[in-house]
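Hi,

Here is the structure I promised to pass on. Have a look at it first, and then read on for what turned up.

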Amino acid sequence: MNKEIALKYYDIADEYATETEKAVGEAERDALAHYFQLLIERLMNNEEISEQAQQEMAVEAGIDEARIDEIAMFLNQWGNE
């Protein structure tokens with residue numbers, strides 16, 4: 001990846017990994033951190049995050065698209081805490 005991923009996104013990915021039903025492998029950690037970075041940067045910029053945008057970010061980050069809905073629920077719960 002060309003863009004360096006801040007440690008806080010790895011922290012979020014690690015937190016997600018402890019709560020997901022499908023185990024997160026070490027090889028997925030970078031991709032998940034990148035996906036969280038893409039999502040949260042959009043949220044912080046008040047940008048809309050459509051289903052299509054989520055799929056595009058998943059492809060860009062290299063995560064399994066099957067994780068998209070679970071990640072959205074995780075972030076929703078995380079944001080409410």
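Before the details, one term: a helix here is a DSSP run of H or I with at least four residues, and helices are numbered from the N terminus. Also keep in mind that this is a predicted model.

Let's begin with a loop. Asn 46 sits between helix H2 (29–44) and helix H3 (51–61). Its phi is positive, about 55°, even though Asn 46 is not a glycine. Most residues other than glycine have a negative phi. As for accessibility, Asn 46 has a relative accessible area of 72%, and the cut-off for exposed is over 50%, so Asn 46 counts as exposed.

The axes of H2 and H3 come within 8 Å and cross at roughly 145°, and the crossing is right-handed. On the H2 side the contact involves Ala 31, His 34, Tyr 35, Leu 38, Leu 39 and Arg 42, while H3 brings Ala 53, Gln 54, Met 57, Ala 58, Glu 60 and Ala 61. Sorted by type, the residues of this contact come out as eight nonpolar, two polar and two charged.

Next, the aromatics. How many aromatic pairs does a search of the whole structure find? The count is three, and I'll go through two of them here.

- Tyr 16 and Phe 36: the ring centres are 5.8 Å apart and the planes are at 65°, which makes the pair edge-to-face because the cut-off for that is over 60 degrees. Tyr 16 belongs to helix H1 (residues 7–19) and Phe 36 to helix H2, so to speak distant parts of the chain, 20 residues apart. Both Tyr 16 and Phe 36 are buried.
- Phe 36 and Phe 74: here the centres lie 5.9 Å apart with the planes at 65°, so this pair is edge-to-face. Phe 74 is in helix H4 (residues 68–80), and the pair links parts of the chain 38 residues apart. Phe 36 and Phe 74 are both buried.

Put together, Tyr 16, Phe 36 and Phe 74 form one aromatic cluster.

Is Thr 20 buried or exposed? Its relative accessibility is 11%, and buried means under 20%, so Thr 20 counts as buried. The Thr 20 side chain makes a polar contact with the side chain of Arg 67, at 3.5 Å. Setting aside neighbours within four places in sequence, Thr 20 is in contact with Arg 67 and Glu 70.

Cheers

How values were computed. Residues numbered from 1 in each chain as written. Predicted model: local features only at pLDDT ≥ 70, side-chain atom pairs only at ≥ 80, totals over all residues. Heavy atoms only, no water. Helix = DSSP H or I, 4+ residues; strand = E, 2+ residues; numbered from the N terminus. Buried < 20%, exposed > 50% of the residue type's maximum accessible area, 1.4 Å probe, protein only. Axes fitted to C-alpha atoms, helices over the stretch in contact; angles between N-to-C directions. Left-handed = near helix turned anticlockwise from the far one by under 90°. Contact = heavy atoms within 4.5 Å. Nonpolar A, V, L, I, M, F, W, Y, C, P; charged D, E, K, R; others polar. Phe/Tyr/Trp six-rings, centres within 6.5 Å; stacked < 30°, edge-to-face > 60°. Polar contact = N/O pair within 3.5 Å; in protein donor to acceptor, adjacent residues only side chain to side chain.
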